[in-house]
Amino acid sequence: MFVWFNILSFSIVVFFLLPLHSAYGDVSYSFPEEMKRGSVIGNIAKDLGLVASRLSARKARIDTEGNHERYCDINLNTGDLTIAERIDRDGLCGKKASCVLKQELVLEDPLELHRISLHVQDINDNSPQFKKDIIKMEISESAVKGVRFSLDEAHDADIGQNTVQSYTLQRNEHFILNVKTKSGGRKYSELVLDKELDREGHHEIKLLLTAMDGGSPQRSGTVVIHVTVLDKITLFTAIHSFSNVCLHCQSVFATERDRWLLNVFYRITYIL
Ligand SMILES: [Ca+2]
Ligand SMILES: [Ca+2]
Ligand SMILES: [Ca+2]
């Protein structure tokens with residue numbers, strides 16, 4: 001009698017506790033972000049071995065874990081799991097390598113719970129962007145070949161190959177581009193002086209810098225680099241130390257053909 005009583009007690013405990021505390025099975029789906037509302041992710045009734053025609057009678061519904069948004073819905077006639085809300089991986093998971101949303105399938109009669117994991121894959125729906133439309137730089141014409149200038153990094157809300165992979169610089173006479181990678185894999189670029197500047201040749205240079213991602217189709221973003229070429233400090237100093245060699249100075253200014261320096265020269269002449 002003692003043995004039978006214990007077996008009976010155990011059976012009662014199991015019968016009442018199992019449906020309340022345990023999910024019968026979990027299911028997961030992997031699909032791209034930004035699918036249209038109503039798109040079918042999979043057939044959850046089939047995947048869990050449920051009879052689709054009984055879903056309505058069993059009051060099947062999708063629930064969220066905690067206070068999260070309900071991202072999917074169930075078609076009670078077919079058992080299809082469908083998209084209920086826009087799923088933007090970039091906004092929901094940022095730079096995380098994996099983006100998993102948790103939902104639940106609840107059947108009320110009899111009570112049955114199944115956890116659903118939605119693995120959201122990144123698509124290339126963002127272009128690289130620079131913080132500003134223009135990068136302003138001032139470089140002296142005394143800068144030597146090989147000198148480097150760091151440029152602002154472009155950002156892209158996507159991940160992996162869909163984020164910034166390379167930069168290109170518009171072809172020009174004076175600068176080349178050096179692309180570098182930070183420890184986390186982020187890419188940025190440097191402007192490298194390849195041929196020395198001459199203010200009298202060009203006192204302003206405009207270059208187009210393009211950042212590209214590695215997605216398909218590829219997306220890009222641009223910024224204008226505006227370089228102002230500054231005069232050599234030595235010439236500027238020469239004007240200030242101007243004393244009794246005015247004719248010599250005139251020849252220097254004439255050779256330089258520099259409008260700004262000539263203005264200074266005329267002013268000094270007037271004082272004299
Ligand atoms: Ca997105
Ligand atoms: Ca992108
Ligand atoms: Ca994306």
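1. In this predicted model, four strands form an open sheet in the order 8-14-13-10, and the pairing within that sheet is mixed. Its edges are strand 8, covering residues 134-140, and strand 10, covering residues 164-169, each of which pairs on one side only. From one strand to the next, the twist averages 25 degrees.

2. Strand 8 and strand 14, the latter spanning residues 220-230, run parallel and are joined by seven bridges. One position at which a reader may follow this pairing is Ile135, whose bridge partner in strand 14 is Ile225.

3. A residue that deserves a separate look is Phe175, which lies in strand 11, residues 175-181. Phe175 counts as buried because it has 21 C-beta neighbours inside 10 Å, where 20 or more are required. Leaving aside residues up to four places away in sequence, Phe175 touches Leu169, Leu191, Val192, Leu193, Asp194 and Leu207. Of these contacts, Leu193 is 18 residues from Phe175 along the chain, yet the C-alpha atoms of the two are separated by 4.7 Å.

4. As to confidence, the protein chain has a mean pLDDT of 83, with 76% of its residues reaching 70 or more. Residues 1-22, however, have pLDDT below 50, and this stretch makes two contacts in the model beyond near neighbours in sequence. The pLDDT is also below 50 over residues 243-272, a stretch for which the model shows 18 contacts beyond near neighbours in sequence.

Methods
Residues are numbered from 1 along each chain as its sequence is written. Chains are lettered from A and ligands numbered from 1 in the order in which they are written. This is a predicted model: local features need pLDDT of at least 70, side-chain atom pairs count only at pLDDT 80 or more; totals for chains, interfaces and linings use all residues. Two strands pair if DSSP finds at least two bridges between them. Helices (H or I, at least four residues) and strands (E, at least two) are DSSP runs, numbered from the N terminus. Axes are lines fitted to C-alpha atoms, for helices over the stretch in contact, and angles run from 0 to 180 degrees between N-to-C directions. pLDDT is the predictor's confidence in each residue, from 0 to 100. Two residues are in contact if their C-beta atoms, placed from the backbone, lie within 7 Å. A residue is buried if 20 or more other C-beta atoms lie within 10 Å of its own, exposed if 12 or fewer, and partly exposed in between; C-beta atoms are placed from the backbone.
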